[in-house]
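Subject: Structure handover, disulfides

Hello,

Please check that the file opens at your end.

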Amino acid sequence: MLRLRPLVWDKKLENYAKWYANQRRYDCQLQHSNGPYGENIFWGGGDGWSPIQAVAAWVGERSSYNYGYNSCSGEEECGHYTQIVWRETRRIGCAKVTCYNGLGVFMTCNYDPPGNYIGERPY
């Protein structure tokens with residue numbers, strides 16, 4: 001069984017996530033901030049999406065991660081999952097905004113120290 005230390009909520013990361021989420025409020029495009037932190041982003045149609053649902057979607061990528069090959073299976077995504085479980089990451093901060101056009105929500109979570117380095121295993 002995988003045992004990692006739990007992440008600690010960080011106000012600085014939360015503030016960064018709020019700042020970036022507000023940048024995406026008007027278009028809600030799935031574009032990364034390219035900032036100094038690890039980052040997962042999420043868009044969901046309608047306004048009924050919670051941060052728990054976004055994290056559940058990211059963690060759900062675990063089934064697509066092959067530890068032996070340190071890669072995602074086929075064309076599947078697993079990078080959100082590996083960022084969440086990256087062994088050196090200690091802090092997290094997240095934010096959610098409703099898209100300006102009312103057609104969904106945008107969420108972002110930032111991680112420090114960042115992870116997902118090519119060629120390195122998350123744990």
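Cys109 has a relative accessible area of 5% and is therefore buried (under 20%; exposed is over 50% and partly exposed in between, with a 1.4 Å probe and protein chains only). Its partner is Cys94, with the two sulfur atoms 2.1 Å apart in a disulfide (a pair of cysteine sulfur atoms within 2.5 Å). The S-S torsion of Cys94 and Cys109 is about 110°, so this disulfide is right-handed. Cys94 sits in strand S5 and Cys109 in strand S6, 15 residues apart. Cys94 is also buried, at 15%.

On provenance: this is a predicted model, in which local features need pLDDT of at least 70 and side-chain atom pairs count only at pLDDT 80 or more, while totals for chains, interfaces and linings use all residues. Residues are numbered from 1 along each chain as its sequence is written, and side-chain values use heavy atoms, leaving out hydrogens and water.

The search of the whole structure gives 3 disulfides. In Cys28–Cys99 the sulfur atoms are 2.1 Å apart, and the torsion of about -115° makes the bond left-handed. Cys28 is in the loop between helix H1 (11–24) and strand S2 (38–44), and Cys99 in the loop between strands S5 (91–98) and S6 (105–112), so the pair ties together parts 71 residues apart in sequence. Helices (H or I, at least four residues) and strands (E, at least two) are DSSP runs, numbered from the N terminus. Cys28 is buried at 7%, and Cys99 at 3%.

Cys72 and Cys78 are bonded with sulfur atoms 2.0 Å apart; their torsion is about -90°, so left-handed. Cys72 is partly exposed at 28%, whereas Cys78 is buried at 4%.

With the bonded cysteines numbered in sequence order, the pairing is 1-5, 2-3, 4-6.

Regards
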